[in-house]
Amino acid sequence: MTQRTARITFSDSDQVIDLPVLEGTLGTDVIDTRSLGAHGYFTFDPGFLSTASCTSSITYIDGDAGLLYYRGYPIEQLAQHSDFMEVSYLLLHGELPTAQQKADFNNTVRYHTMLHDQMAYFFRGFRRDAHPMAVMVGMVGAMSAFYRDSSDPFDPVQREIAAYRLLAKVPTIAAWSYKYNVGMPFMYPQNRLGFAENFLYMMFATPCEDYHPNPVLSRALDRILILHADHEQNASTSTVRVAGSSGANPFACIAAGIASLWGPLHGGANEAVLKMLEEIGDVSRIGEVIQRAKDRSNPFRLMGFGHRIYKNMDPRAALMRQTCHEVLDELGLHDDPLFRIALKLEEIALQDDYFIEKKLYPNVDFYSGIVLRALGIPMSMFTAIFALARTAGWVAQWYEMVSAAGHKIARPRQLYTGEQRRDYLPIELR
Ligand code: CMC
């Protein structure tokens, strides 16, 4: 088959540039602009609105249809039938595990959950009131200092150990950043427990009493982790890839991803949604908030609404709404006032011309905060939980990049708009 090309012509010359058009297995075709520099041009796309930064076979999103697939499997099927460990295996290895592979994977992750004991002292250097995400950026970055024997991205064995260490230890770091924050003793991971149960144990158990995680709530947390596990080339994943492209060690790369995730336009949105719902306080005030979000002179946005890719319902938001119902029912909180405000806010926004025209729908963060709050998770931990789920995706994406042949350091170009060359002026002449 002949290669399809796209032709660039210029209004002020006869120059013609033909560029190859690449086709993936699903989704939008991509014009390969790599040779443009040799013709004396770069492309301009701040914010990557139309730029594919890599090839990837991990996650596919169709934003218009509201579809999300991990390795080809629809998120709805994974949320219903799978569990977070199995999904992590799938993201990392490309296929669902057999029963034996699943048991081995679970075991390996389980036996990597404990932190180097000296890391406990490292926590103590932080202020008690530090935000858990601040502690996580520091502690995950600090893993580079404690696990130097698995920090070479180009050694396949070290790479694999690093992947396990990150998947297993980030939840321990997240839970301990909370324990440190509230002045409670660190709880060591329990190898008898499943992944989500173990996290709840490390968050809520104390040395003084028995703690048995509620299976319905553990399952709800596990589902939240599945829904957040990967989302192709979002800001934090791209950050991990850019950091990793220089050959930086995996712990530093994931710490960079955590820093990027923290922003309120990305993973910080779940915390921002809950603060917003609390501020609204009553369904009677929803109209006022919608007006504020529509006012162009006001920077306020309806948190948990809108998405760069989804111009339809975020499939994760629909699943999260369902989880919200299940958790609140289990806990006898059907009348939770924040959930009522959220449902009404969604209903009103979805009928409003501004939101319809701009195709703004609830995203994954709109309902996740309500579920997490019902599980007893403090608001300051919401983004940390997103981070521990997304670690699966970050690790898989980093792994895919560093193990691919001929990967290149990420080095974007720019459109320079500063001063042209000028001569230094001695201070008395300025
Ligand atoms: N409320 C009110 N107006 C909005 C909102 C919102 N939540 N989101 C977008 N708009 C408007 C925006 O003002 C702009 O209007 P105009 O064309 O008149 O300038 C238009 O819609 C397009 O918005 P944009 O900012 O150019 O779109 P983007 O693709 O760059 O941004 C977004 C996507 C998610 C950052 C944005 O929708 C937003 O800020 N949402 C609120 C924060 C949020 O919920 N973030 C979580 C995202 S999902 C989880 C994750 O990725 O981590």
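Which residues of helix H12 (residues 286-294) are buried? Keep that in mind for the first view. A note before we start: this is a predicted model, where local features need pLDDT of at least 70, side-chain atom pairs count only at pLDDT 80 or more, and totals for chains, interfaces and linings use all residues. Residues are numbered from 1 along each chain as its sequence is written, and side-chain values use heavy atoms, with hydrogens and water left out.

**View 1. The buried face of helix H12.** The buried residues here are Ile 286, Val 289, Ile 290 and Ala 293. Looking down the axis of H12, you'd find them within an arc of 100°, so they line one face of the helix. (The arc is that of the directions from the helix axis to the C-beta atoms.) H11, helix H14 (337-350) and helix H15 (353-357) are among what covers them. "Buried" means under 20% relative accessible area, "exposed" over 50%, and "partly exposed" in between, using a 1.4 Å probe and protein chains only. Helices are DSSP runs of H or I with at least four residues, strands are runs of E with at least two, and both are numbered from the N terminus.

**View 2. Asn 270, a buried residue.** Asn 270 sits in helix H11 (residues 269-280). Skip its neighbours within four places in sequence, and Asn 270 is in contact (heavy atoms within 4.5 Å) with Asp 365, Ser 368, Gly 369, Phe 382, Thr 383 and Phe 386.

**View 3. The second largest pocket and its lining.** A pocket is an open set of points on a 1 Å grid over the protein atoms alone, with protein on both sides within 12 Å along at least five of seven lines; lining residues have an atom within 4 Å of a point. This one holds about 230 Å³ of space, a volume being the space filled by probe spheres set on the points, which are joined across faces, edges and corners. Of its 20 lining residues, Met 85, Leu 193, Gly 194, Phe 195 and Ala 196 lie nearest the centre. H7 gives the largest share of the lining, five residues.

View 4. You'll find Glu 232 in the loop between helix H8 (215-228) and helix H9 (235-245). Lys 359 belongs to the loop between H15 and helix H16 (365-374), and is partly exposed, with a relative accessible area of 41%.

Definitions and conventions
1 Å grid on protein atoms, 1.4 Å probe; cavity = no way out; pocket = protein on both sides within 12 Å on 5 of 7 lines; lining within 4 Å.
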